Amino acid sequence: RQDQDDPGLLFVLSRPTRGGTLLDVGSNVGWFAMRAAQAYRRLGGGMVHAFEPQPEVADCVADSIEANGFGDSVVLHRIALGDRAAEIRMRPPGNNSGGSNVQLSGTVGAVAAMATLDSLDLPL
């Protein structure tokens, strides 16, 4: 619903061009990714790459992609992006369900892969 869009999202949604690409890094449940996919659909095409390393949250993004019929315009990457390739742990903070902390060591949190953007073979 556009009446729920904040100024930051409205700014991002004013930038897509036909055939463009948007990276949603830390996609969470995919709100930006789905709204960008809608914008690209109205423009006649474009691609969204959503990066979400937390397994349960990435499942929500996958469900949204399917429910909205965006399989041709949103690619879900179940990894974190960082400055190196590593195995990390995503530890949700107790007071913010929309965020998490990355831990490079330790035993608390969901295990996730981290890669650098330039190590991925994305058609950008």
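**Overall make-up**

The model is predicted. The protein chain has three helices and seven strands. Read from the N terminus, its elements follow the order α-β-α-β-α-β-β-β-β-β. Of the 124 residues in the chain, 35% are buried. Contacts reach across the sequence: among those between residues at least 6 apart, 64% join residues at least 24 apart. The accessible surface of the chain comes to about 7300 Å². Carbon and sulfur atoms account for 51% of that surface.

**The three-stranded sheet**

Three strands form an open sheet in the order β1-β2-β3, and their pairing is parallel. The edges are β1 (20–25) and β3 (74–77). Each has a single partner strand, so one side of each is left without a neighbour in the sheet. From one strand to the next, the twist averages 15°.

How many bridges join β1 to β2? There are six, and β2 spans residues 46–51. Within the sheet, leucine 22 stands opposite valine 48 of β2.

Two helices are placed against these strands. Helix α2 (residues 31–43) packs on the sheet and touches β1, β2 and β3. Its direction makes about 175° with that of β2. Helix α3 (residues 55–67) lies across β2 and β3. The angle between α3 and β3 is about 165°.

**Salt bridges**

Side chains of opposite charge can pair when their charged atoms come close. A search of the whole structure finds three salt bridges.

| Pair | N to O distance |
|---|---|
| Arginine 41 – aspartate 72 | 3.8 Å |
| Aspartate 59 – arginine 78 | 2.9 Å |
| Arginine 84 – aspartate 83 | 3.7 Å |

Take the pair of arginine 41 and aspartate 72, a salt bridge at 3.8 Å. This pair links distant parts of the chain, 31 residues apart. Arginine 41 belongs to helix α2, while aspartate 72 sits in the loop between α3 and β3. Arginine 41 has a relative accessible area of 44%, so it counts as partly exposed. Aspartate 72 is exposed, at 59% relative accessibility.

Next come aspartate 59 and arginine 78, joined at 2.9 Å. They too link distant parts of the chain, at a separation of 19 residues. Aspartate 59 is in helix α3; arginine 78 is in the loop between β3 and β4 (80–81). Aspartate 59 is partly exposed, with a relative accessible area of 37%. Arginine 78 also counts as partly exposed, at 41% relative accessibility.

The remaining pair is arginine 84 with aspartate 83, at 3.7 Å. Is aspartate 83 buried or exposed? Its relative accessibility is 66%, so aspartate 83 counts as exposed. Arginine 84 has a relative accessible area of 40% and is partly exposed.

**A nonpolar patch**

Which residues make the nonpolar surface patch? They are Leu23, Val25, Leu117 and Leu124, and the patch is about 350 Å². Leucine 124 lies in the segment after β7 (110–115). At 65% relative accessibility, leucine 124 is above the 50% cut-off, so it counts as exposed.

Definitions and conventions. Residues are numbered from 1 along each chain as its sequence is written. This is a predicted model: local features need pLDDT of at least 70, side-chain atom pairs count only at pLDDT 80 or more; totals for chains, interfaces and linings use all residues. Side-chain values use heavy atoms; hydrogens and water are left out. Patches are made of residues with over 30% relative accessible area and no salt bridge: like charges are joined within 9 Å, nonpolar side chains (Val, Leu, Ile, Met, Phe, Trp, Tyr) within 5 Å. Accessible areas come from the Shrake-Rupley method with a 1.4 Å probe; for residues, only the protein chains shown count as cover. A salt bridge is a side-chain nitrogen of Lys or Arg within 4 Å of a carboxyl oxygen of Asp or Glu. Helices (H or I, at least four residues) and strands (E, at least two) are DSSP runs, numbered from the N terminus. Buried means under 20% relative accessible area, exposed over 50%, partly exposed in between (1.4 Å probe, protein chains only). Two strands pair if DSSP finds at least two bridges between them. Axes are lines fitted to C-alpha atoms, for helices over the stretch in contact, and angles run from 0 to 180 degrees between N-to-C directions. Contact means heavy atoms within 4.5 Å.
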